Amino acid sequence: MDIRVYYEDTDCGGIVYYANYLRYFERSRTEYLESKGIFVKECLAKSFSFVVAHQDIDYKAPGRYGDILNIETRVSKISNASFIFEYAVKNKNTDQLIATGSTVMVCVDKDIQPIGIPREVREKLSSQT
């Protein structure tokens, strides 16, 4: 997914404010899940959802005002109740690596208690399409 860096995304030096990468990762996760046919509203209607349990980011180079950042997103590991997203953020014009990261997502019930990932969701997450 591509993200244009707007003025509002930057600090006073015109560099992407570090915490905004969390927002970019969130958008990328949502797009990834929807591309697999997994929609948050449908999950909530079935009384489960996903929460962030852990987040890592490594900053490699600055993203700047006006850049187009490309976020490559993939699921790298699936366990009974959790899965891990991995990200690579690159400057689309130069292919320079800007940041890498990972997010551990946990499947929870309506009371925010961990549960096993439903079979149909696990199958969609595992698919290569």
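**View 1. Surroundings of Ser82 in the predicted model.** Leaving aside neighbours within four places in sequence, Ser82 is in contact (heavy atoms within 4.5 Å) with Lys77, Val104, Met105, Val106 and Ile117. Ser82 itself is found in strand S4, where strands are DSSP runs of E with at least two residues, numbered from the N terminus. The side chain of Ser82 also makes a polar contact with the side chain of Ser79, at 2.8 Å; such a contact is a pair of N or O atoms within 3.5 Å, and within protein one must be able to donate a hydrogen and the other to accept it, while residues adjacent in sequence count only if both atoms are side-chain atoms.

**View 2. The open sheet.** Five strands in the order S1-S3-S4-S5-S2 form an open sheet with antiparallel pairing, two strands being paired if DSSP finds at least two bridges between them. Strand S1 (2-4) and strand S2 (48-59) stand at the edges with a single partner strand each, so one side of each is left without a neighbour in the sheet.

**View 3. The pairing of S2 with S5.** S2 and strand S5 (residues 97-109) pair in the antiparallel sense over 11 bridges, and Phe48 stands opposite Asp109 in S5.

**View 4. A helix on the sheet.** Helix H1 (residues 20-35), a DSSP run of H or I with at least four residues, packs on the sheet and touches S1, S2, strand S3 (68-78), strand S4 (82-91) and S5.

**Notes to all views.** This is a predicted model, in which local features need pLDDT of at least 70 and side-chain atom pairs count only at pLDDT 80 or more, whereas totals for chains, interfaces and linings use all residues. Residues are numbered from 1 along each chain as its sequence is written, and side-chain values use heavy atoms, with hydrogens and water left out.

Technical notes:
Axes fitted to C-alpha atoms, helices over the stretch in contact; angles between N-to-C directions.
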